[in-house]
Amino acid sequence: MSGWLLRHLQSALFAAGRLARAPVSTAFTVLVIAIALTLPTALALGIQSVRSSTGEFANAVDVSVFFKQGVPLEKAAQLAASLRQRSGIARVDLIPAEEALKQFREQSGFGAALDVLEGNPLPHALDVRPRVDAADPARMESLRRYIAAWPEVELVQVDSDWVKRLNAILDLMRRLVLGATVLLGVGVLAVVGNTIRLEIYSRRAEIEVTKLVGGSNAFVRRPFLYTGLLYGVAGALLAAALAWTALQLLDAPVERLAQSYGSSFRLLSPGWRELGILLGAGGLLGISGAWMAAARHLARIEPRA
Amino acid sequence: MIRFDRASKRYPNGREALSGATFEIREGEMVFLTGRSGAGKSTVLKLIALLERPTRGMVMVNGSNTSALSSRRIPAFRRQLGVVFQDHRPLTERSIFDNVALPLHAAHLPLKDIDKRVRAALDQVGLLDRAQALPLELSVGEQQRVGIARAVVVKPKLLIADEPTGNLDPGLSMEVMGLFRRFNEVGVTVVIATHDIDLVKASGLREIIIAEGKVQDPAGEHLVVPSMEAER
């Protein structure tokens with residue numbers, strides 16, 4: 001077992017030595033692999049950031065209740081109190097019309113325009129949040145009907161539509177990223193495969209001699225597989241560095257943009273888990289590309305006398 | 001050890017390099033294959049080393065019918081014989097030690113055994129002190145001895161050599177022949193293809209002459225090839 005391990009270690013070191021002896025071509029191959037891996041990594045992290053920052057809304061569906069104009073605040077407070085008695089309700093906030101106007105004036109930037117209006121166009125409103133375990137569509141619908149049946153209520157709005165849309169958009173983007181990832185993965189396979197193919201032909205004499213002295217196909221193939229593995233892992237490491245750098249550069253502007261919308265949205269930095277996945281994927285692609293090239297081309301090289 | 005039974009080899013270009021060759025080389029023998037360039041000597045060696053298979057007839061080497069061996073068994077087959085070539089083809093990037101160690105690595109020997117056996121083989125050809133040199137730092141004669149060390153490091157029962165003295169002056173040729181004779185004395189079957197007739201005559205050893213793809217085996221005529229006997 002230890003002999004087996006030692007032999008593999010030797011092959012790996014040998015492959016690393018070969019790569020180190022041709023630094024320029026090695027660097028270019030690694031760079032191409034890294035770029036192909038960076039793109040899906042950065043996109044996936046972006047989508048994940050959006051998902052994690054919207055995650056808290058995704059399941060908590062609010063119901064907005066708008067009363068008819070002229071319904072007195074006392075009546076609205078009474079209805080809010082009765083709603084709080086109902087099961088499956090986590091919270092009911094009463095938003096008086098004056099407060100709604102104040103908030104709107106502060107947040108919308110239309111303060112001056114509002115001054116032109118006579119009186120308050122906004123009604124009293126309720127912000128009803130159901131308990132998370134009671135937020136399934138059927139119960140939401142029955143809640144909506146219950147509230148809508150009150151004569152004082154003008155409109156009941158279940159705020160789940162935008163969450164559905166956001167999720168649909170995120171889902172679409174995930175699929176696009178998945179598609180891009182598959183294509184770029186095939187690209188990495190092709191790059192590694194072609195590099196290994198050239199390497200095989202430039203080492204033709206060595207392969208012939210090795211086969212002549214009884215080296216099996218597995219023995220001849222092994223250093224090339226390690227070369228592919230090293231290309232893949234090196235490319236993945238560089239891709240992680242590139243993705244991390246890109247996210248660092250984007251972090252401050254994104255935060256500023258998010259803040260201007262009153263959001264605390266932040267881009268996620270790649271963590272150990274992402275690094276692990278990236279290294280695993282890079283290594284697997286590298287070794288697979290090398291395997292495909294070796295399977296095709298090594299068999300064609302037979303010793304001549 | 002080696003038995004050719006009406007073995008013929010026709011290459012894809014249509015040239016018949018060997019036609020109906022029948023001869024036997026017994027275990028422990030040292031035999032020369034002679035003949036002009038292109039007469040078929042190299043083809044005979046290729047058929048023995050399983051670089052080629054006969055298109056007709058049969059070649060038996062160390063109990064294996066080369067036509068019947070699956071390609072997966074070829075590496076193991078080649079590991080039991082040592083091959084020396086005229087162009088010794090060292091791997092120029094690797095030290096003499098690593099060149100000689102290659103067949104042992106291919107055979108997955110433990111590293112400490114590899115070290116011991118490579119040193120022994122280099123010692124036998126007188127190159128132990130050059131172990132860490134690169135092949136191109138050596139003279140032609142020394143490079144040829146590296147090739148011999150690489151062939152014998154696996155302790156083969158059969159050693160085949162194609163023009164091993166082709167690039168060497170008479171003094172070095174004698175030296176290399178001396179090496180082969182020493183391996184033969186410890187029981188290794190040795191087959192050497194050469195056109196150096198003087199060397200062959202001086203050795204007094206058995207000579208298999210190949211001319212235009214046909215075998216003349218003056219000393220081996222008394223040998224009976226069993227399968228032919230059965231058919232007669």
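Keep in mind that the model is predicted. In it, 15 residues of chain A are in contact with 22 residues of chain B. Helix α3 of chain B is mostly covered, and chain A is divided into two parts, domain 1 and domain 2.

**Where chain A touches chain B**

- On the side of chain A that touches chain B, the elements giving two or more residues are α1 (2-21) and α8 (204-212) of chain A.
- Helix α8(A) supplies the largest share of that side, with five residues.
- Sorted by class, this side of chain A has eight nonpolar residues, five polar ones and two charged ones.

**Helix α3 of chain B**

- This helix spans residues 96-106, and nine of its 11 residues are buried.
- Just after α3(B) comes B:His108, which takes a positive phi of about 60°.

**The domains of chain A**

- Domain 1 of chain A is made of two stretches, 2-57 and 164-300, while domain 2 covers 62-159.
- How far apart do the C-alpha centres of domain 1 and domain 2 of chain A lie? They are 52 Å apart.

Methods:
Residues are numbered from 1 along each chain as its sequence is written. Chains are lettered from A and ligands numbered from 1 in the order in which they are written. This is a predicted model: local features need pLDDT of at least 70, side-chain atom pairs count only at pLDDT 80 or more; totals for chains, interfaces and linings use all residues. Two residues are in contact if their C-beta atoms, placed from the backbone, lie within 7 Å. Helices (H or I, at least four residues) and strands (E, at least two) are DSSP runs, numbered from the N terminus. Ala, Val, Leu, Ile, Met, Phe, Trp, Tyr, Cys and Pro count as nonpolar, Asp, Glu, Lys and Arg as charged, and the others, Gly among them, as polar. A residue is buried if 20 or more other C-beta atoms lie within 10 Å of its own, exposed if 12 or fewer, and partly exposed in between; C-beta atoms are placed from the backbone. Domain bounds come from an automatic or database domain assignment.
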